[in-house]
Amino acid sequence: MTTKQEELTTHIQEGVFQQSRGPIGWDGKTLKQMRKETDEISKETGHYAGLRTLPFKESDPIRFEKIFSKLRGGVVHARETAKKVAASPIVEQEGELCFSLYTPDADSIVTSTGIIIHVGTMGAAIKYMIENDYEVNPGIADKDIFCNNDNHVGNVHTCDVHTLVPIFWEGELLGWVGGVTHVIDTGASSPGSMSVGPVNRYEDGYQVTCRKIGQNDVLSKDWLLESTRSVRAVKYWTLDEKTRVAGCHMIRDLVLDVIKEEGPDVYKSFIREIIEDGRRGFVNQVKTMLVPGEYRGVSFVDVPFKDLPVHDYAKVNSIMHSPSKIKVHKDAKLEIDFEGTNRWGWHSFNATPVSITSGIWVMLSQTLAPNDRINDGAYYASEFGIPLGSWLNPDDLRSAHANTWHSLVAAWSPLWRGLSRSYFARGYLEEVNAGNAHTTNWLQGGGIGPDGELHAINSFECAASGVGASAVKDGISHSAALWNPEGDMGDMEIWEMLEPLVYLGRQILPGSGGAGKYRGGSGWQSLRLGWGTNDWTMFVAGSGHMATDCGLMGGYPGAAGYRYSALDTDLKERFAKQLPFPQGADVDPDNAEWDTVIEAKTIHRDRQTVSTEEMFKDYDVIMNYLRGGPGFGDALERDPKNVAEDINAGYVLPRYAEKVYGVAVKEGKYGEYTADEAKTIKLRAQIRKDRAKRSIPAKEWMKQEKERILNKEASPQVQHMYAGSFALSEQFTDEFKGFWDLPKEWMVYEEDLNVPTYGAHINRFKDNK
Amino acid sequence: MAKSQILAIDAGGTMTDTFIIDEKGEFVVGKAQTTPKDESIGLMESAKDALTYWDTTVEKEFPSLLAGVYSGTAMLNRLVSRVGQRVGLVLNKGMEDNHRMGRAVQSHLGYSYADRIHINTHHFDPPLVPRNLTVGITERVDMHGNMIIPIYEDEIRPAIQQLLDRDVEAIVISFLHSFKYPDHERKVRDIAIEMVKEAKKDIKVFASVDYYPVRKESHRTNTTIVEAYAAEPSRISLEQIGTKLKEVGSDFDLRIMASHGGTISIQANELARTCVSGPIGGMVGAKYLAESLGLPNVACSDIGGTSFDVGLITQGELAIDSSPDMARLVLSLPLVSMDTTGAGTGSYVRVDPNYGNLTLGPDSAGALVGVCNPEGGIETVTVSDCHVVLGLINPNNFIGGKIILSPEKAYEAVKTQIADPLGLSVEDAALGVTELLEAQLGNYLESMILGKGYSPAQYVCFSYGGGGPLHTAGYTKGLGFEDVLVPAWAAGFSAFGCGAADFEYRYDKTLDLNVAEKEDSSVILNTGKVLQSAWDELKEKVAEEFDKNDHAEDTVKFRLFYRMQYQGQLNDLEIEAPFERFNGVEDWDVLVKTFEETYSRVYAKSALSPELGYSITGAIVRGIVQVAKPKIPTEPLSGKTPPADAFLGKRKVYWTDGWIDANIYEMEKMKAGNVVGAFSILESTATTLVVPTGFEAHLDENRIFHLKEL
């Protein structure tokens, strides 16, 4: 007979399964075995889980559809109900939450509305638990609750916090339900959910790595204490967690109800078949909408860190390079390859492979497959190339990710253009979209809140950015974001309840949408006054020097960014004397009216559009610029009447009507503009003539450019960007040099550019330079 | 002898229906063309038509009417087709774009899921007030009502003058947080009124705080604009109707159905809430019927041609949504909360070419029925086509034979579009569509009830509307409702509901009263004082409204409600205060306890968060006076067997076990006490009740069928 102590020791030595029940997967398998088998057979057959046919769906399509509709409806409904528990307007008003249902081995079955990028990230977290034998330790049991927000496990950024709950039926794991919310603060080195200060993981906020935080449906005390002491804005954190747990439990009940009704075997067949069904549907969608071939694009976004108070190795002005290639195979496989992406860096804009691949579904579901059947089937129908060591796939656990959207939204914009060229070729002109705006600015800050507790804010007004133009109409203004097509700017009275900032303006910004035959959707600005601040700081994050989209088929990009804030102002006095002061938008920044009606010790009006915490008090002002989308087609082809209307509606400044659109306008009695058609015809003819005069044959232009490349005339930031791509990718280097027909010895090396190379690991030149 | 008691008017865009109900609850329906310029003309024609069924006249009957309720779509049409008054808008300077910018959510309101995520489909409707009729005036107050920037007085007159110069027909003023600090809006209002007078113009001025003193500026501003833009013009036409009714000898004050589920006078201050009267009539009727039958919890379901509407009556109350959307606008009206899904009998049925799955709706053939209607020109299969294939509806007696349907066309369409692609027989495909629709509706109904923290076993389900009873058995199957009721007079249910509505005003006010979990009694007492004074203010407002129709304050039954949440949350719950006056600390405990009971039911116990403290976010007063209401029909019980003349014969119906012979009955001829088993179809001109395998139905003494799952 063994003693209790011996028994325990034996168990630990053998790595026993919890409660000694053996594996929790199907047919006595471990989850790891299940995962391996699914991967292998899917790869081998080209069908998810090897399902060459769909016996259940084909024999009983109605019953199959009934189960789908019950699960899908229930998941959507759970999200709607649970979100009302939250206090954060990010969750409640902007809808930044999502629930998804998974197979035991972490493939998604159905997903709610919301931030569906997390279909993949929560799947990655479950896979991580499987990979690390959580069945053995800490054990996966009915009514457990797990939490994850670790970027390097495959999250988007620290503020997306996952709650994961297993679903058991008679001792067997039948699946998982995951819920995610975008929390307002994660205890990073600066406040706000997408902070700019952090440049490495250890400043990026409180990271929880797939931790068991509750048993028997109850959250553990140690978890509650530790987590609430690790973040700011605790009230929001707490209610967000209650939202996620409540939603997961509602969905678990729903699934158990379905299993009770249909039996576990039917449920098992269903969840496998619905994924293969999703794969096939997606393939058909690609066949219907796209033309086989390669679609290449590129985007850039600036990282102006040189003058920010960050670590020495991070003080670099750099550019994130995002070349991409969509390859539509003849069998309709969709391949997206980011070969040539440059090196990750010491800033909070790095991404993980899961965030880019999963995020692509957010985008594709808005255009290529806008339906409720999106699940991991679509993932099995595609292939991704994400180079290791690039900012999309850092090869260092130290990388920071807090504001990864800064670069992700830039990297996705070329994909819209690639797909749109294909839609255009097929004649789906309405589906063409010139690309997404750089959906910023992120206005963030923190300090002591009205209740005396630590508080953080993160305005989500950029959820209502301008949208790219289509090939038949203008892009819609102030309405959506890439990451949330159901965008909204929210009510000012609600934001003012949460932020010690009152509004002095909310106005459309002329010229923010890209010009074109069809104009990009306009962006706008809000202007905020410090009011009720207490130990407060503010900072901004957005695109600055560079336009991150580039317009389509002759359309202009949306306007690039800038920042405006004024500290230590004379506004108190001005208000008392009823004198003018900055209001509305900074309508014409070249002739800024604001600057004439305010005195301040410090005014920031520059392109430092990512900044770190700056002290902010009452009567200081800060502007939030929400960007516009790119345009489509040559601006000279725009109907002159629409240009005049754009002036009247505040979308375009009068002087650009002539300069950009070639439209001569005249002003009426009430300041209303009309187009002078005769003059416009002449003006446009002249512009076309000037264009022809200015132009040179492409071959000639390439020759000139090649000379500049040979002489390394590019700015240090551009050279640094390319050097980072060259060091990682031989293929990209060969393509680049081949295209420009550069001599073998020509190269730009990071080491030669007088910038820190701290943390640069992969370097194919290391040994042979 | 005149017997008419209640007049209910349903003035649609093209037809005006009148329902005249007698002392026994029996009613006649009349129809006439709507006359938009003077709606009273169409109304009189319609009433005349109705009374011909009783062989009598308007002149004879109208003096005996005890009550009349109007509901119409004129206001909504004016709003949707943007043909309202030319309104000038005064906003905070710097925020003049706010109204036309939306709320971005208005670019996808009312969209199906697929279109909500399909960004290229989004669009904004034109703003009710264009940018060039919007002016700004400098002022700012904060969320607590503290002044940050005084109103820049010099800007007021030029701003108003600009609007007057542009010939506006009404002026709306809406400043941020005005509900916390009304002085600035009222100052501008008074100056505007003065300037209008000086200019000798007839322009009404609306300050948002006088109408909707509630938080969320886009909701409040939109609603006040709707008041000026669409509701005010209706006041004139309602007065015309009122005058005409008096002229023919009636002696009652015409009331209008309003969004909060009560009726209000045509002289009411806030008329915009009568904009949404149509679809809630059924809910109000259900509430009245439920009260009469002593049922506290009722799930109401109504299937029409284009949609399935469900709403809940819980503990005898209709749920109210206080920031709803309507006509793609976010509003701050109290609206009887109803969920609508785009699945009706006219919904299109398709097989997705890429995913191979069956899809229902969200678009529909509406009144054109389906491919089976040879005159309709519809090419895509609808749910009704499947009904025809299955034999559930009589192709020769659709809407009393007004449309003769073609079973052959329906069969062919279902075959090529649905059955062949799915690899099913035509009949199985048609049955599958019906089953899927019913499963979706059942899920929808169930999730709504679960979302309230209840289970279907605690509810009775009411089914009415043209298409409802055909699917009632299907969508209630297995949910375990306490009972399932189908009034035999289901077709007139909405009008019945209008006639049965209370004469009721409801006013809301936003409050921000924060109380910690363990709070000093002085804070609690002060909170109670502020809450009570809000109730007093609203009671006065309600009393003033009733006074317009000479109802003295002591005849009004007041009910007090409060909105509560945990501090910091953005969603509150509306709860009736279980006392008549806040007197002391123990009343606070009662408010908290009542709140937490409701909260834990709705969001699960784990979501209770007393540690955050509580916020009272609003006060509500409802005032009701007694009015005449229609009687619920009663008749003596007969035997179980339906009379011979109710039996119309047999028809082949395809069901789960293949083709069977169904018994067909004429609904009107069934007697109270009759019981029918499966498979039976009970037909009337406006609706069809199906009693499928596994069910039976009996008719009670109120002419209500009880559908029982065996």
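Is A:C210 buried or exposed? A:C210 is buried, as 22 other C-beta atoms lie within 10 Å; a residue is termed buried if 20 or more other C-beta atoms lie within 10 Å of its own, exposed if 12 or fewer, and partly exposed in between, with C-beta atoms placed from the backbone.

## Basis of the report

This is a predicted model, in which local features need pLDDT of at least 70, side-chain atom pairs count only at pLDDT 80 or more, and totals for chains, interfaces and linings use all residues. Residues are numbered from 1 along each chain as its sequence is written, while chains are lettered from A and ligands numbered from 1 in the order in which they are written.

Helices (H or I, at least four residues) and strands (E, at least two) are DSSP runs, numbered from the N terminus.

## Positive phi values

A:C210 is not a glycine, yet its phi is positive, at about 40°. In chain A, the residue A:C210 belongs to the loop between β5 (172–182) and β6 (211–215).

In chain B, B:D167 is likewise a residue other than glycine with a positive phi, near 60°. The loop that holds B:D167 runs between α6 (156–165) and β9 (170–173) of chain B. B:D167 counts as exposed, because it has 11 C-beta neighbours inside 10 Å.

## Cis peptide bonds

From A:N137 to A:P138 the peptide bond is cis, and its omega is near 15°. A:P138 lies in the loop between α6 (118–131) and β3 (145–148) of chain A.

B:G361 and B:P362 are also joined by a cis peptide bond, with omega of about 0°. Strand β22 (residues 358–364) of chain B contains B:P362.
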